[in-house]
Amino acid sequence: MKLSRRTRIAAAVAGAASFALIAAGCSSSGSGGGSSSDPITLTVTTFGTMGFDKLYSQYEKEHPNITIKATNIDTGDNALTDWQTKQAAGSGLPDVQAVEEGWLSKVMQVSDQFTDLKSYGANDIKDRWVDWKLKQATDKNGRIIGYGTDIGPEGLCYNGKLFAAAGLPSDRESVAKLFGGENASWDDFFKVGEQYHAATGKPWYDQSGFIWNAMVNQQDEGYYTKDGKLNIKDNSDLKALWSKLADGAAAGLSSNQAQWDWGKGKAFTDGSFATFVCPGWMLGVVQGQVKAGGGDAATGWDFANVFPGGAANWGGSFLTVPTQSKHPKEAAALAAWLTTAKSQVQTFQAAGTFPSVTAAQTDAGVTGESDLTKFFNNAPVGQILGERAKGVVAQYKGPDDSVIQSQVFGPSVQQLDSGKANGDQAWDNAMKLLDQLVVNK
């Protein structure tokens with residue numbers, strides 16, 4: 001679900017200890033050997049922007065007999081369709097396939113169609129990642145089928161200039177307090193939004209879909225229970241949150257932007273909305289959209305260490321090796337190399353993707369200054385994301401989780417934002433779509 005964007009962010013100068021940390025992160029790749037005696041081409045399919053472009057070139061230089069042919073698909077939903085089509089056909093999958101957290105459960109249903117990376121050294125590097133990331137990529141038979149790339153702890157992006165013009169505090173610390181700090185709630189978020197709307201007559205957030213996604217991700221159990229049962233129709237917690245979302249839309253707080261569009265970035269520069277939910281990878285999206293809309297750091301976007309409702313994780317991906325690969329050893333080596341601490345520092349600098357590798361999370365290349373921090377009013381984005389990651393444990397995602405988010409609730413969210421349905425009507429419409437599109441287990 002990540003929008004394609006490219007950012008070039010210079011690495012901060014790391015100290016000797018930081019250098020040693022990075023070196024340790026890549027000293028044992030668990031690759032089982034990445035070089036090929038004969039020239040080969042490794043195909044890689046990713047989606048959105050994962051920050052790998054420069055790393056591909058670097059890997060080719062270090063492995064002269066390997067050429068990387070990379071394909072990038074614009075969104076996670078489209079990447080899912082591409083994977084499902086080729087998986088069903090039994091051909092066409094790449095040597096390295098990126099998998100999004102939202103459809104990992106679907107992948108796990110056919111985990112035998114992916115290489116067990118233990119055969120190529122996964123056990124030697126399994127302590128590299130935060131423990132829950134490794135567990136996500138381990139199937140019921142104990143096979144490790146994916147190496148973790150990023151995780152998606154969420155903070156709040158906001159436009160400080162718009163806040164100040166509305167008479168709201170605009171510095172990061174005061175903004176965090178405005179929403180309740182550690183006790184920040186969605187009630188606080190919508191209440192402040194109503195104040196902003198009353199002062200300016202303008203919407204508060206871009207559209208309700210991303211707000212709903214964040215709300216669902218914060219629950220101990222989302223669209224599915226931990227044992228894989230659908231968890232929607234009689235879920236009083238989700239219904240209560242939906243009611244808050246509907247009230248916000250009815251109060252004019254949503255800008256009713258098309259998801260992943262934003263008028264080619266203009267909505268980020270013309271005051272169409274003042275807040276935006278931001279997992280780490282979304283920071284690069286904001287920067288790219290502002291630039292596309294003709295803006296820059298002076299446009300006023302900032303990043304606060306606060307999030308309504310508490311800790312939340314949105315997204316995060318894995319690199320897998322389908323059994324269709326003709327070069328599983330070399331593909332596994334590439335996947336391992338792309339997920340070392342050193343590589344994850346570089347992908348963070350390129351795309352804002354917060355590392356799932358623990359050694360990278362505290363590296364100066366993540367916590368220090370960069371083009372990304374400068375764009376967000378010198379916000380210490382790496383440090384903030386590290387704080388927002390505390391307490392985050394990824395929610396279990398069932399096989400149709402992404403379908404439910406985009407095709408079941410997506411249309412109902414649009415009905416809320418456009419005023420074509422009230423909360424109850426939109427919920428009922430979503431339940432009808434749920435019955436049509438998802439097998440009720």
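What order do the strands of the five-stranded open sheet take? The legends below start there. This is a predicted model, in which local features need pLDDT of at least 70, side-chain atom pairs count only at pLDDT 80 or more, and totals for chains, interfaces and linings use all residues. Residues are numbered from 1 along each chain as its sequence is written, and side-chain values use heavy atoms, with hydrogens and water left out.

**View A. The five-stranded open sheet runs β2-β1-β3-β9-β4, with mixed pairing.** Helices (H or I, at least four residues) and strands (E, at least two) are DSSP runs, numbered from the N terminus. Two strands pair if DSSP finds at least two bridges between them. At the edges you'll find β2 (66-73) and β4 (147-148), each with a single partner strand, so one side of each has no neighbour in the sheet. Further in, β3 (residues 96-100) and β9 (residues 317-320) pair in the antiparallel sense over four bridges. Look for Gln97, whose bridge partner in β9 is Thr320. Helix α13 (residues 328-338) lies across β1 (40-47), β2, β3, β4 and β9, at about 50° to β1. Contact here means heavy atoms within 4.5 Å. Axes are lines fitted to C-alpha atoms, for helices over the stretch in contact, and angles run from 0 to 180 degrees between N-to-C directions.

**View B. Three strands make an open, antiparallel sheet in the order β7-β6-β8.** Its edge strands are β7 (275-279) and β8 (301-304), each pairing on one side only. From one strand to the next, the twist averages 30°. Five bridges link β6 (residues 154-159) with β7 in the antiparallel sense, and Glu154 stands opposite Pro279 in β7.

**View C. A disulfide joins Cys157 to Cys278, S to S 2.1 Å.** The cut-off is a pair of cysteine sulfur atoms within 2.5 Å, and by this rule the count comes to one disulfide. Cys157 sits in strand β6 and Cys278 in strand β7, so the pair ties together parts 121 residues apart in sequence. The torsion about the S-S bond is about -115°, so this disulfide is left-handed.

**View D. Helices α9 (residues 186-200) and α10 (residues 208-217) cross at roughly 160°, their axes coming within 12 Å.** They are therefore roughly antiparallel to each other. (Angles under 35 degrees count as roughly parallel, over 145 as roughly antiparallel, 65 to 115 as roughly perpendicular and the rest as oblique.) Trp186, Phe189 and Phe190 in α9 meet Ile211, Ala214 and Met215 in α10. That contact divides into six nonpolar residues, no polar and no charged. (Ala, Val, Leu, Ile, Met, Phe, Trp, Tyr, Cys and Pro count as nonpolar, Asp, Glu, Lys and Arg as charged, and the others, Gly among them, as polar.)

**View E. Helices α19 (residues 401-418) and α20 (residues 423-437) pack at about 155°, with their axes 9 Å apart.** That makes α19 roughly antiparallel to α20. Among the residues that meet are Val408, Phe409 and Leu416 in α19, and Trp427, Met431 and Leu434 in α20. The whole contact splits into twelve nonpolar, five polar and no charged residues.
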